[in-house]
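Let's take a walk through this structure together. Have the sequence and the model open beside you as you read.

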Amino acid sequence: MSEPAAGPLKRTPLYDLHRELGARIVPFAGYEMPVQYPTGILVEHAHTRNACGLFDVSHMGQVRLTAKAGHTTAKALETLVPADIAGLQPGQQRYTQFTNETGGILDDLMVTSTGDHLQLVVNAACKDADLAHIQAKLSDACEIEPMFSRGLLALQGPQAVTVLSRLAPQVAGMKFMTGAFVVIDGARCYVTRSGYTGCDGFEISTPADATDPIARKLLSHPEVKPIGLGARDSLRLEAGLCLYGHDIDTTTTPVEAVLLWSVGKERRVQGGFPGAAVIQKQIAEGSPRKRVGLLPEGKAIAREGAEIAIAGKIVGIVTSGGFAPTLGRAIAMGYVERAQSANGTRVELLVRGKPVPAEIVPMPFVKHTYYRG
Amino acid sequence: MADVRYSEEHEWIRVEGDTGTIGITQYAQEQLGDVVFVEVPAAGRKVAKGEAVAVVESVKAASDIYAPVSGEVIEANAALADTPGDVNTEPMGKGWFFKVKMSDKGDLAGLMDEAAYAAFVKSLG
């Protein structure tokens with residue numbers, strides 16, 4: 001029931017705070033991270049949905065791109081991702097993916113324009129490979145600055161705006177998927193109104209040495225409780241959001257993953273990103289399989305790796321599954337053959353060899369409550 | 001006085017005559033975190049010592065529960081279907097999993113008493 005440790009583990013600036021708060025620490029993506037605090041995942045999950053949760057996501061990779069003379073960062077980054085980056089206005093944020101030559105996903109990331117720079121937030125487990133990829137491809141056009149020592153805090157939930165506004169009133173006017181420089185507790189931070197829970201909330205990029213004092217300051221507000229990686233996963237699953245390495249990877253395209261909304265409209269036509277030919281063909285003809293939501297009947301939980309069958313024939317596989325605390329029931333997502341992917345399709349999920357009836361359903365499982373102004 | 005024995009897989013068995021009541025320990029429930037589903041074996045099922053016979057699902061993961069002794073299941077804790085959290089709050093009380101009629105009480109010899117189990121847990125750090 002414990003997870004094996006591998007190699008020397010890194011710590012975020014909040015390691016001591018996690019220990020003080022009684023967190024259970026586990027190895028995750030090369031870091032010692034809090035999986036839960038003493039109250040447990042169900043309480044943490046509900047607290048985030050109902051009030052406000054503080055997550056340490058400092059293990060994620062932050063990278064800053066600055067244009068070299070005669071170049072633009074947006075045009076350079078567009079050679080690696082299918083999103084419309086050139087159209088990103090200062091202060092706007094966008095979700096995209098690094099694709100490979102077969103249209104698979106090397107990582108998914110957030111890109112924010114500050115006007116002078118592009119700021120990227122990539123997954124912890126991929127950040128070294130992502131940095132090498134960017135350095136290999138974009139060094140001629142961009143100064144590439146890894147900011148892996150910075151802190152990253154996520155403040156999520158319906159009361160996040162109330163709490164953060166007390167420290168920085170200007171965040172109240174920010175809309176979902178926008179970013180701004182904000183001074184918090186005397187430190188220059190970069191705040192975006194975004195997150196990985198489906199709730200309204202913020203991600204706060206902090207100077208390394210300001211991370212702990214800002215986290216403590218946020219936790220001093222009665223609405224705020226610390227939340228571990230366990231609830232982070234159950235919250236994102238309810239929100240229907242992909243987890244890299246599970247729901248998306250180098251074998252899944254943005255079309256198969258139903259992330260086409262994040263591919264720029266002009267870029268679908270013009271291409272110019274790795275794997276464009278494969279992705280354009282899938283846009284035109286349909287992809288062989290699609291990511292879908294799955295609602296199992298009863299209480300059994302179909303987890304990653306459970307096969308999806310129709311009348312005994314395997315048509316797909318579960319890539320994430322678990323208990324949805326908000327709904328009090330099991331939910332899952334996975335890939336099925338496109339011909340079987342319509343909402344309402346009845347399938348069976350093979351849980352420990354036993355078929356559990358389930359239905360293909362739209363996602364998210366829990367409605368998003370983003371603040372769009 | 002019922003005799004309680006413990007396995008290295010963190011199950012307990014409370015022995016009364018040739019009946020054993022089986023559940024998971026305080027240490028096990030702490031490691032699992034919030035329990036959200038328990039699958040218990042049906043009455044009448046013959047189980048062998050060491051066989052995976054039940055499943056406990058926490059928010060994070062599914063874990064197998066192994067029969068600490070051989071025998072026949074005579075009763076399963078049906079209440080866990082509606083209140084799986086009993087495993088967290090009363091792992092050695094209301095959170096019991098199932099009862100077996102033991103076929104060989106010699107199976108108990110390989111299990112730990114409370115002091116030995118406490119030392120075993122301590123050794124895990």
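How many residues of domain 1 of chain A are in contact with residues of domain 2 of chain A? Before counting, keep in mind that this is a predicted model. Where the two meet, 14 residues of domain 1 of chain A are in contact with eleven residues of domain 2 of chain A. On the domain 1 side, strand S10 (179-184) and strand S11 (187-192) of chain A are the elements that each give two or more residues. By class, that side of domain 1 has seven nonpolar, six polar and one charged residues.

You will find A:Gln92 in the loop between helix H3 (73-78) and strand S5 (93-99) of chain A. Setting aside neighbours within four places in sequence, A:Gln92 is in contact with A:Ser113, A:Met177 and A:Thr178. A:Thr112 is 20 residues from A:Gln92 in sequence, yet the C-alpha atoms of the two are 5.7 Å apart in space.

Finally, turn to where the chains meet. Chain A brings 15 residues to the contact and chain B brings 13 residues. On the chain A side, helix H2 (41-50), helix H7 (229-238) and strand S16 (313-324) each give two or more residues. The residues on this side of chain A comprise six nonpolar, six polar and three charged.

Technical notes:
Residues numbered from 1 in each chain as written. Chains lettered and ligands numbered in written order. Predicted model: local features only at pLDDT ≥ 70, side-chain atom pairs only at ≥ 80, totals over all residues. Contact = placed C-beta atoms within 7 Å. Helix = DSSP H or I, 4+ residues; strand = E, 2+ residues; numbered from the N terminus. Nonpolar A, V, L, I, M, F, W, Y, C, P; charged D, E, K, R; others polar.
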